[in-house]
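Subject: A structure to look at, with notes

Hello,

Here is the structure I promised to hand over, and I would ask you to open it before reading on. My notes follow below it, so that you can check each point against what you see.

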Amino acid sequence: MGTDLVGTVERNNRRTRWLHAGVYVLVLVLLLTGWWLTLGQEGRPSVLARLLRLPDAEIHTWAGWAFAAIAAAGVTLGWRAARTLLTDSVRFRRTDLGWFARWPKAVLTGRFGRHDGHFDPGQRIANLVMLALLLALIVSGVGLWAVSGGPAFVWFNRVHRWSTWVITPVLLGHILIAAGVLPGYRGVWRAMHLGGRLRRRDAARVWPGWLERRDDDRAER
């Protein structure tokens, strides 16, 4: 029996959506203030600094601590979801190569290759890159706060800057895809907003294996 494409399906629960919202708001604040300071604008308050009436460096520091706290809470309180995220992201199959071969055209046509993951193969690579770089940013950020000079400060500063340069285009690509601007990903933004429900035909197009397993689980109950 084929997958029913009528109606909607919940992709992410409320806890996951709130965690994701907290993460991306804080990451956007960190990117804005971080790049503002990196580009030598420390003496000129950004729009955010003028709104909050705080220096950009202070906003960046507090947002960094808040991000570290929310990341720690997400791992400890939602360890099952964190384990699913990590284990599914490191899982690749030979058939995923077909998905990558079709991906450049599929972002425009929506005709993605078949995959069975909770995330598509491109998402899995992006997940691993983002997790590694966000961890590097947290560790190096804490290091920059803890030391005031010397070789350790130099290395923490290098890691922090290099990680920022690499993660910025990755996050911009993630936002482009998640926003559903590209025709192949149209509608996927609903997976993290407005109740986390997206149209079943959108879910079947982007995450076919996940949708089939979910329907099978529901049918067995």
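Read from one end of the sequence to the other, the protein follows the pattern β-α-α-α-α-α-α-α-β-α-α, which amounts to nine helices and two strands. Please keep in mind that this is a predicted model, and that the values below are computed from it. The C-alpha atoms fill a box of roughly 65 × 35 × 35 Å along the principal axes, and of the 221 residues in the protein, 32% are buried. Among contacts between residues at least 6 apart in sequence, 64% join residues at least 24 apart.

Next, the packing of two helices. Two packed helices are described by the angle between their axes and by the distance between those axes. For helix H6 (residues 121-146) and helix H7 (residues 150-178), the axes come within 8 Å and cross at roughly 145 degrees, and the crossing is left-handed. On the H6 side, the residues in contact include Val129, Leu133, Leu137 and Gly141, and the H7 residues that H6 meets include Phe153, Phe156, His160 and His174. Sorted by class, this contact has 15 nonpolar, eight polar and no charged residues.

The structure also holds five aromatic pairs. One of them is formed by Trp65 and Trp145, an edge-to-face pair with 5.1 Å from centre to centre and 90 degrees between the planes. This pair links distant parts of the chain, since Trp65 is in helix H3 (residues 56-77) and Trp145 is in helix H6, 80 residues apart. Trp65 has a relative accessibility of 33% and therefore counts as partly exposed, whereas Trp145, at 57%, counts as exposed.

Phe112 and Tyr185 form another aromatic pair, which is tilted, with 5.0 Å from centre to centre and 55 degrees between the planes. Here too distant parts of the chain are linked, with Phe112 in the loop between helix H5 (96-109) and H6, and Tyr185 in the loop between H7 and strand S2 (197-199), 73 residues apart. Both Phe112 and Tyr185 are buried, and together with Trp99, Phe100 and Trp103 they form one aromatic cluster.

Finally, which residues other than glycine have a positive phi? Arg53 has a phi near 60 degrees, and Leu194 has one of about 50 degrees. Arg53 is found in the loop between helix H2 (47-52) and H3, and it counts as exposed because its relative accessibility is 77%. Leu194 is found in the loop between H7 and S2, and at 65% relative accessibility Leu194 counts as exposed.

Notes
Residues are numbered from 1 along each chain as its sequence is written. This is a predicted model: local features need pLDDT of at least 70, side-chain atom pairs count only at pLDDT 80 or more; totals for chains, interfaces and linings use all residues. Side-chain values use heavy atoms; hydrogens and water are left out. Axes are lines fitted to C-alpha atoms, for helices over the stretch in contact, and angles run from 0 to 180 degrees between N-to-C directions. Helices (H or I, at least four residues) and strands (E, at least two) are DSSP runs, numbered from the N terminus. A crossing is left-handed if the near helix is turned anticlockwise from the far one by less than a right angle, and right-handed if clockwise. Contact means heavy atoms within 4.5 Å. Ala, Val, Leu, Ile, Met, Phe, Trp, Tyr, Cys and Pro count as nonpolar, Asp, Glu, Lys and Arg as charged, and the others, Gly among them, as polar. Rings of Phe, Tyr and Trp (its six-membered ring) pair if their centres lie within 6.5 Å; planes under 30 degrees apart count as stacked, over 60 as edge-to-face and the rest as tilted. Buried means under 20% relative accessible area, exposed over 50%, partly exposed in between (1.4 Å probe, protein chains only).
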